[in-house]
Number of protein chains: 2
Amino acid sequence: MAVYTDLTDEELRALLTQYDLGRPRAMKGIAEGVENSNFLIETDTGRYFLTIYEKRVARTDLPFFMALTEHLAARDFPVPRPVKMKNGDVIADVRGKPAAIVTFLTGLSARRTTVQQCRAIGVALATMHEKLEDFTMTRPNALGPEAWAPLIMPRLALAEELRQGLATQIEIDLALVADWRSGLPTGAIHADLFPDNAFFMNDVVSGVFDFYFACTDALAYDIAVCLNAWCFEQGSAFNLTKGQALIAGYESVRRLTDEERRALPALARGAALRFFATRLADWAATPEGALVKPKDPLEYADKLEFHRRAIGAGDYGA
Amino acid sequence: MAVYTDLTDEELRALLTQYDLGRPRAMKGIAEGVENSNFLIETDTGRYFLTIYEKRVARTDLPFFMALTEHLAARDFPVPRPVKMKNGDVIADVRGKPAAIVTFLTGLSARRTTVQQCRAIGVALATMHEKLEDFTMTRPNALGPEAWAPLIMPRLALAEELRQGLATQIEIDLALVADWRSGLPTGAIHADLFPDNAFFMNDVVSGVFDFYFACTDALAYDIAVCLNAWCFEQGSAFNLTKGQALIAGYESVRRLTDEERRALPALARGAALRFFATRLADWAATPEGALVKPKDPLEYADKLEFHRRAIGAGDYGA
């Protein structure tokens with residue numbers, strides 16, 4: 001949660017002259033997103049979301065993210081649609097930083113997911129994959145397996161400090177899940193579809209957003225991320241009913257191949273390792289006594305314990 | 001800027017069942033207000049602002065603030081109007097903390113004030129004072145002159161550290177402005193009407209808010225606060241044109257008495273001292289390297305220098 005760029009009324013007015021959105025009527029800095037500055041703005045023509053991209057999102061990646069959401073919005077998939085400037089661009093400049101205005105989505109994020117919501121997100125994920133079939137741009141997954149060891153290995157001592165015996169387990173995980181992608185159907189994926197990146201209205205998905213990890217990778221990896229993010233209860237027990245609902249929802253739109261089913265335990269373990277890796281790095285980078293607490297890496301260490309014991313897709317409800 | 005209470009979708013739904021506002025459609029944590037948690041919410045019936053009162057606002061003061069804004073809203077003064085619950089109350093409970101839902105105001109705050117805006121805020125301030133003439137509740141000014149010495153004296157060494165010679169000057173200020181209230185017309189005042197507590201639409205005041213320092217005190221003290229907050233340029237030069245505009249705007253609605261005019265330099269000096277006092281205390285309380293930088297007390301030390309040299313109301317544009 002942060003607003004790094006403290007946009008003034010004059011800057012907002014100047015920015016809006018580059019769009020056909022009318023004059024500004026309101027602006028609120030949003031306490032959401034750790035990496036970008038986000039503003040809810042209202043103009044004569046409606047409500048929009050303004051993001052100013054701070055350091056972590058690479059400027060060169062923005063055209064991919066923007067084209068992907070435009071592609072989905074054009075196919076009636078509920079994503080924030082980038083608003084074109086008068087000159088046709090979707091990326092503006094605010095104090096030398098890239099910025100984008102997108103449409104406003106209604107809905108609420110689920111804090112504790114329900115079985116119905118797990119089913120709905122499965123349906124939405126498969127629908128998104130289908131609608132992205134003819135999306136031709138590609139972007140490598142910067143947080144794929146190659147990235148995990150460089151993030152984790154220099155911090156193994158910290159992992160061991162957080163939980164005795166964890167370092168050895170993680171080293172084994174790293175060795176085992178390295179080739180989880182091979183031979184699986186690939187395409188554009190979200191790669192970070194956590195409950196706080198989706199909106200619901202009456203248990204129907206009304207928004208999917210935060211595509212800043214979107215990339216070209218195994219479609220089933222997106223399911224593996226969702227199984228980790230949506231189907232564990234507090235205390236890290238896997239809720240098989242939620243897993244069944246999510247996978248059944250997905251398969252009501254797109255059937256999994258046999259290879260994808262077989263790969264599911266490795267994919268789920270890999271997904272858990274990916275979030276463990278970045279959380280461990282964030283944990284290491286956060287000074288003691290910092291105001292903003294980083295997310296706990298041990299949540300994913302716990303989930304990894306479940307994945308290590310999983311034998312087949314049946315363990316996830318497939 | 002902060003969201004201390006991280007409201008869940010379920011908590012919002014439960015809260016809204018106590019109101020006649022329909023079901024929730026959206027919720028955004030707002031990066032604004034250092035002391036409370038603020039959310040922009042949208043329901044079937046419109047947009048509202050939800051505040052959860054964290055530690056600094058005393059629960060016992062809330063009825064005064066709520067009644068004051070209700071009083072103003074009922075008289076078409078643009079303030080956020082508290083929304084009544086089904087049981088008639090305006091103060092709800094969220095996790096044991098008091099909370100209130102108020103109407104949403106459109107408009108933008110001025111970062112750099114214009115002369116027109118200074119005139120408009122003067123008009124709004126006098127209009128507010130007039131509309132509060134028949135408001136009967138009272139609340140002592142907890143940050144009146146009695147509060148300044150206890151805030152400043154234990155931190156005089158810090159003041160001296162911030163600027164050589166400042167400690168002695170501030171001690172003299174404290175001794176001189178102690179009786180600035182006596183004999184002046186009093187009433188309910190805002191007491192903290194900074195540019196970020198007002199909205200404009202096309203240079204007309206469209207909102208006045210953040211009444212959490214509102215109290216019963218000298219009406220002209222509200223003008224003195226505004227002169228400090230609206231009419232100084234960066235580098236702390238007083239902009240006489242802005243001062244003239246603000247006071248002329250005020251007097252177009254309510255004429256200042258001779259006593260108020262005479263008291264203006266002392267009031268302005270007192271107001272500057274009040275903000276110096278709380279900023280000095282916040283500065284002292286902030287650990288080195290903290291993420292959120294406190295506001296600079298020296299801004300008000302600079303303004304005090306101007307006020308010390310002021311001879312009469314003419315120095316402020318009256």
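Through which surface do the copies meet, chain B on one side and chain A on the other? That is where I'd like to start, friends, after a word on conventions. This is a predicted model, in which local features need pLDDT of at least 70, side-chain atom pairs count only at pLDDT 80 or more, and totals for chains, interfaces and linings use all residues. Residues are numbered from 1 along each chain as its sequence is written, while chains are lettered from A and ligands numbered from 1 in the order in which they are written.

Now the answer. Of the interface residues of chain B, 96% are also interface residues in chain A, so the copies meet through the same surface. Contact here means that the C-beta atoms of two residues, placed from the backbone, lie within 7 Å. Chain B brings 25 residues to the contact and chain A brings 24 residues. On the side of chain B that touches chain A, the elements giving two or more residues are helix 1, strand 1 and strand 2 of chain B. Strand 1 of chain B supplies the largest share of that side, six residues. By type, the residues on this side of chain B are twelve nonpolar, five polar and eight charged.

How are the chains related?

Let's look at chain A as a whole. Chain A holds ten helices and nine strands; these are DSSP runs numbered from the N terminus, with helices being H or I of at least four residues and strands E of at least two. The C-alpha trace of chain A spans about 60 × 45 × 35 Å along its principal axes. A compact globule of 318 residues would have a radius of gyration near 20 Å, and chain A agrees at 20 Å. That radius is taken over C-alpha atoms, and the globule rule is 2.2 Å times the number of residues to the power 0.38. Of the 318 residues in chain A, 42% count as buried. Buried means 20 or more other C-beta atoms within 10 Å of the residue's own, exposed means 12 or fewer, and partly exposed is in between, again with C-beta atoms placed from the backbone. Among the contacts in chain A between residues at least 6 apart in sequence, 72% join residues at least 24 apart.

Next, the sheet in chain B. Five strands form an open sheet in the order 1-2-3-5-4, with antiparallel pairing; strands pair if DSSP finds at least two bridges between them. Its edges are strand 1 (24–29) and strand 4 (92–94) of chain B, each pairing on one side only. Neighbouring strands of this sheet are turned by 35° against each other on average, direction ignored. Strand 3 (residues 46–53) and strand 5 (residues 97–103) of chain B pair in the antiparallel sense over five bridges. B:Phe49 has B:Val102, in strand 5 of chain B, as its bridge partner. Helix 1 (residues 9–16) of chain B lies across strand 1, strand 2 (36–43) and strand 4 of chain B, at about 120° to strand 1 of chain B. For these angles, axes are lines fitted to C-alpha atoms, for helices over the stretch in contact, and angles run from 0 to 180 degrees between N-to-C directions.

Most residues other than glycine have a negative phi. A:Asp203, however, has a positive phi of about 65°. A:Asp203 sits in the loop between strand 7 (198–201) and strand 8 (204–208) of chain A, and with 13 C-beta neighbours inside 10 Å it counts as partly exposed. Phi of B:Ala191 is near 75°, also a positive value. B:Ala191 lies in the loop between strand 6 (186–189) and strand 7 (198–201) of chain B, and is buried, with 22 other C-beta atoms within 10 Å.

B:Asp282 belongs to helix 9 (residues 258–285) of chain B.

Notes: Ala, Val, Leu, Ile, Met, Phe, Trp, Tyr, Cys and Pro count as nonpolar, Asp, Glu, Lys and Arg as charged, and the others, Gly among them, as polar.
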